[in-house]
Amino acid sequence: DIFRKYPNKYESIIGTLCENLDTLDEPEARASMIWIIGEYAERIDNADDLLESFLDNFNDENSQVQLQLLTAIVKLFLKRPTDTQELVQQVLSLATQDSENPDLRDRGFIYWRLLSTDPAAAKEVVLAEKPLIAEETDLLEPTLLDELICHIASLASVYHKPPTAFVEGKVGLKKMLPARAGDTDSEQEAAGATIIPEPGSLIGDL
């Protein structure tokens, strides 16, 4: 997300990250590093070797790592097709034949069909430019943001509006009983003035 939010700003550390690839133990960290290798494969000379090192234990990897590895190798193949054809065939075979994860198999079959029938379309889909990640909180007024934080567990945080903007009236409004047909004017007035008591008042009368 940092690379997408700040493009062309932190790419200089990619080499350092690749050198410390073996120190990553958490699946989220490994998946993120694989995404970086695939996304910036044209800047990493040994990208194919780095990605191939994950294939030895592909079936033992977390599903998140497997999905990212599959996509990263397909990206690498589309950028460097001459020397990565064997690598992409290997990962597609692992994803579609050896895996029991339906999401991984489906993605593998989709990539395989795209690459075999229309490589140009595969490049447009897989290598499509991703939108920048914007910070939406910068678009809110400070006073409104403070109020939304106070109502973080309510619909106000979903609508990005204060409760007064979409809730009419006040809490605990009393409902009026409708007048019955045939009542006299005085009876209608009395009936119209009848108020349904709130639950709190009922408890007090017990």
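Select H4 and its surroundings: the buried residues of H4 pack against helix H2 (14–19), H3, H5 and helix H6 (85–98). Packing here rests on contacts, meaning heavy atoms within 4.5 Å. Buried means under 20% relative accessible area, exposed over 50%, and partly exposed in between (1.4 Å probe, protein chains only). Helices (H or I, at least four residues) and strands (E, at least two) are DSSP runs, numbered from the N terminus.

This is a predicted model, in which local features need pLDDT of at least 70 and side-chain atom pairs count only at pLDDT 80 or more, while totals for chains, interfaces and linings use all residues. Residues are numbered from 1 along each chain as its sequence is written, and side-chain values use heavy atoms, with hydrogens and water left out.

**Stay on H4.** Color Ala47, Asp48, Leu50, Leu51, Phe54 and Leu55, the buried residues of H4. Looking down the axis of H4, you find these residues within an arc of 165°, so they line one face of the helix. The arc is that of the directions from the helix axis to the C-beta atoms.

**Zoom out to the whole chain.** The protein has 12 helices and zero strands. Of its 206 residues, 29% are buried. Among contacts with a separation of 6 or more, 52% are between residues 24 or more positions apart. The protein exposes about 14200 Å², and carbon and sulfur atoms supply 53% of that area. Accessible areas come from the Shrake-Rupley method with a 1.4 Å probe; for residues, only the protein chains shown count as cover.

**Next, the salt bridges.** A salt bridge is a side-chain nitrogen of Lys or Arg within 4 Å of a carboxyl oxygen of Asp or Glu. By this rule there are five salt bridges.

- Select glutamate 61 and arginine 30, whose side chains meet in a salt bridge (2.6 Å, N to O). This pair links distant parts of the chain, 31 residues apart: glutamate 61 is in the loop between helix H4 (47–55) and helix H5 (63–79), and arginine 30 is in helix H3 (residues 27–39). Glutamate 61 is buried, at a relative accessible area of 15%.
- Select glutamate 39 and lysine 75, which form a salt bridge through their side chains (2.7 Å, N to O). Glutamate 39 lies in helix H3 and lysine 75 in helix H5, so the pair ties together parts that are 36 residues apart in sequence. Lysine 75 is buried, with a relative accessible area of 4%.
- Select glutamate 42 and lysine 79, a salt bridge whose closest N and O atoms are 2.9 Å apart. Here glutamate 42 is in the loop between H3 and H4 and lysine 79 in helix H5, 37 residues apart. Glutamate 42 is partly exposed at 48% relative accessibility, and lysine 79 is partly exposed at 29%.

**Then the surface.** Select Leu155, Val158, Tyr159, Phe166 and Val167, which form a nonpolar surface patch with about 480 Å² of accessible area together. Patches are made of residues with over 30% relative accessible area and no salt bridge: like charges are joined within 9 Å, nonpolar side chains (Val, Leu, Ile, Met, Phe, Trp, Tyr) within 5 Å. Leucine 155 is in the loop between helix H9 (142–150) and helix H10 (156–159). Leucine 155 is partly exposed, with a relative accessible area of 48%.
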